[in-house]
Amino acid sequence: MFAGGGSFGAIQVGMLYSLASHGITADMVVGSSVGALNGAFYAGDPTPSGVERLATIWRGLTRHDVFPVTWKTMLGFLWRRDFLIPHDGIRKLIDDYIPYRNLQDARLPVHIVATDIITGDSLVLSEGSAAEAIVASTAIPGAFSPVLYRNHYLADGAISSNTPIRVAVQKGATRLIVLPTGHACATDAPPVGAVANALHALTLLISRQLVIELEGLNPSIEYYVVPPLCPLVGSPYDFTRTADHIERAIRTTDAWLTQNGLQQGDIPREMRPHSH
């Protein structure tokens, strides 16, 4: 299961790299927000070489590739007053790198979680356009416009179900491996900028919601949470630390596996509120 977290999605890539290197694969993928993008790519090529390609893609990303805020977009926002950033960057990433067009054509079953911005309900997309599903699941309110899809106005899956544990269980999963992105637990001041602050707030929501959902999970469901990076500084709007996030996540996940992490179903201390 892939949670959200903006540029901290690079941390998931390091986790994936370590898991794949140890021969650990999934039978099904559930993703939300940036986790929808990572999860969809992995579902298309769930091999060590596929994960290596994903890492290469992430190392080459800049903020402009994902959040193309320019004077033109700012003027457009002032004119329209409904959203700040166009979906063009996300759509280009999907078109360039996702190796299938419809979700049902992925090598692994993949379920993308988005939020109905009118009702607040989670909507699970398991077939149809991969691009529309991923764009909807990554549409941060205020930054991106909602996506009209199948008579629903859809936005970021983080609003209703960032780490969609219940979705995975409803789809038949009995053993969960959760890849959280964590939050900037060692930052001493809020990030600068509206989008950066919105993303930071979402990562805090993600961590709290994940802990609550895991604590309420039926005891018959096994779960293993790969520990996120801690301490972690920076902003989920900043892509300059991507390579470091990937390398650190590889090392920490390798250590977690060596310490029998996949035999100990607990909630990592890094997920609970703490300070440095």
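What volume does the largest pocket have? In this predicted model, the largest pocket has a volume of about 420 Å³.

**Figure 1. Residues around the centre of the largest pocket.** The lining of this pocket comprises 19 residues. Ala26, Asp27, Met28, Arg175 and Ile177 are the closest to the pocket centre. By class, 15 of the lining residues are nonpolar, 2 are polar and 2 are charged.

**Figure 2. Secondary-structure elements that contribute to the largest pocket.** At least two lining residues come from each of helix 1 (9–21), strand 1 (29–32) and strand 6 (175–178). Strand 6 makes the greatest contribution to the lining, with 3 residues.

**Figure 3. The second largest pocket and its lining.** The volume of the second largest pocket is about 290 Å³. Its lining consists of 17 residues, and those nearest the centre are Pro227, Thr252, Trp256, Gln259 and Glu270. Helix 11 (residues 242–258) provides the largest share of this lining, namely 4 residues. The lining is made up of 8 nonpolar, 5 polar and 4 charged residues.

**Figure 4. A nonpolar patch on the surface.** The patch is formed by Ile117, Ile118, Leu148, Tyr153 and Ile159, which together have about 480 Å² of accessible area. One of these residues, Ile117, lies in the loop between strand 2 (110–116) and strand 3 (122–125). Ile117 is classed as partly exposed because its relative accessible area of 35% falls between the limits of 20% for buried and 50% for exposed residues.

Note on methods:
Residues numbered from 1 in each chain as written. Predicted model: local features only at pLDDT ≥ 70, side-chain atom pairs only at ≥ 80, totals over all residues. Heavy atoms only, no water. 1 Å grid on protein atoms, 1.4 Å probe; cavity = no way out; pocket = protein on both sides within 12 Å on 5 of 7 lines; lining within 4 Å. Points joined across faces, edges and corners; volume = space filled by probe spheres on them. Nonpolar A, V, L, I, M, F, W, Y, C, P; charged D, E, K, R; others polar. Patch = residues over 30% accessible without salt bridge, like charges linked within 9 Å, V, L, I, M, F, W, Y side chains within 5 Å. Areas by Shrake-Rupley, 256 points an atom, 1.4 Å probe, with all protein chains shown as cover. Salt bridge = Lys/Arg side-chain N within 4 Å of Asp/Glu carboxyl O. Buried < 20%, exposed > 50% of the residue type's maximum accessible area, 1.4 Å probe, protein only.
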